[in-house]
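Student: I'd like to go through the labels on this model and check each one against its cut-off. Could you take me through them?

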Amino acid sequence: MPAAVVVLAAGTGSRVGADTNKVLLPLGDAPVLAWSVRAALALDDVRRVLVVVRDGEQEAVAAALAPHLGDGEVGLVEGGATRHASEWAALEALAPEIDAGGIDVVAIHDGARPLAGAGLFEATLAAAREHGGAIPVVRLPGLLALDGHALPAELDGVQTPQAFRAGALLAAYTAAASDGFEGTDTAACWSRYAGLPVAAVPSSAANLKVTFPEDLALALRLA
């Protein structure tokens with residue numbers, strides 16, 4: 001069955017030192033955001049790609065993506081004041097197709113992670129179909145606690161795209177809206193309400209998040 005991919009792009013450029021949304025900054029031949037969108041559009045089983053944007057940036061985002069879409073189509077959804085609110089806005093937009101059985105899994109991805117690549121999207125969607133939910137993880141060696149003690153070597157960092165069975169994900173966010181709950185990421189809401197397992201999908205540090213100015217230069221070298 002077809003999947004949907006939601007790309008979150010409603011952030012800012014404050015920490016990266018830009019006066020515009022960081023996902024609109026250039027990265028090689030395309031804006032940061034376009035890399036994730038192109039990867040999602042390249043997947044054979046993806047039926048819908050939605051980009052969640054800040055109100056007032058619809059035209060800028062559409063113009064930035066247009067040269068990089070080819071024959072693909074992307075929908076724009078106005079985001080909310082928080083990450084959770086933006087995710088909920090996207091799921092509400094997808095709800096008719098999810099309820100009709102037209103979408104079986106949904107992946108939610110940070111637009112500021114341009115190097116996830118089609119392969120990681122495919123692996124995460126496949127794991128979500130099998131287990132219920134799936135998140136990319138990467139080992140974080142050499143971490144220290146605030147008191148200076150070494151933390152366990154088995155700690156993993158969580159990335160995106162995070163993928164989940166569509167019906168259960170929509171139900172989880174509907175329940176969260178009723179309760180007034182907001183999670184720090186998609187998996188937090190899923191874990192609280194869905195009652196289904198989340199599989200870990202191996203990833204790498206190359207799937208970095210553009211947060212600071214040096215991240216753009218590093219991403220360009222890795223691209």
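Student: Why does Asp110 count as buried?

Tutor: Asp110 has a relative accessible area of 7%. Buried means under 20%, exposed means over 50%, and partly exposed is what lies in between, with a 1.4 Å probe and protein chains only. Because 7% is under the 20% limit, Asp110 is buried. One caution: this is a predicted model, where local features need pLDDT of at least 70 and side-chain atom pairs count only at pLDDT 80 or more, while totals for chains, interfaces and linings use all residues. Residues are numbered from 1 along each chain as its sequence is written, and side-chain values use heavy atoms, with hydrogens and water left out.

Student: What makes Arg83 and Asp110 a salt bridge?

Tutor: The term asks for a side-chain nitrogen of Lys or Arg within 4 Å of a carboxyl oxygen of Asp or Glu. Between Arg83 and Asp110 the N to O distance is 2.6 Å, so the pair qualifies. These two come from distant parts of the chain, 27 residues apart, with Arg83 in helix α3 and Asp110 in strand β6. Helices here are DSSP runs of H or I with at least four residues, strands are runs of E with at least two, and both are numbered from the N terminus.

Student: And which class does Arg83 fall into, buried or partly exposed?

Tutor: Partly exposed, because its relative accessible area is 23%. Arg83 and Asp110 also belong to a network of salt bridges with Glu87, Arg113 and Lys209.

Student: How many salt bridges does that rule give?

Tutor: The count comes to 11. Another of them joins Arg139 and Asp156, whose closest N and O atoms are 2.6 Å apart. Arg139 sits in strand β7 (residues 133–139) and Asp156 in strand β8 (residues 156–158), so this pair ties together parts 17 residues apart in sequence. Arg139, at 45%, is partly exposed, and Asp156, at 35%, is partly exposed too.

Student: What about Glu57: which partner does its side chain meet?

Tutor: Arg54, in a salt bridge of 2.6 Å, N to O. Glu57 is buried at 12%, whereas Arg54 is partly exposed at 30%.

Student: How do you know that the span of α5 is close to the expected one?

Tutor: The expected span is 1.5 Å times one less than the number of residues. Helix α5 (residues 166–179) has 14 residues and reaches 20 Å from its first C-alpha to its last, close to the 20 Å expected.

Student: Why are the buried residues of α5 said to line one face?

Tutor: They are Ala166, Leu169, Leu170, Ala172, Tyr173 and Ala176. Seen down the axis of α5, they fall within an arc of 160 degrees, so they line one face; the arc is that of the directions from the helix axis to the C-beta atoms. An α-helix has 3.6 residues a turn, so residues three or four places apart point the same way. On the other side of α5, Ser178 and Asp179 are exposed.

Student: What covers that buried set?

Tutor: The cover includes α3 (83–99), β6 (105–110), β9 (162–165) and α6 (186–193), where contact means heavy atoms within 4.5 Å.

Student: Which peptide bond is cis, and where does its proline lie?

Tutor: The bond from Thr160 to Pro161, with omega near 15 degrees, is cis, and Pro161 lies in the loop between β8 and β9. Most peptide bonds are trans.
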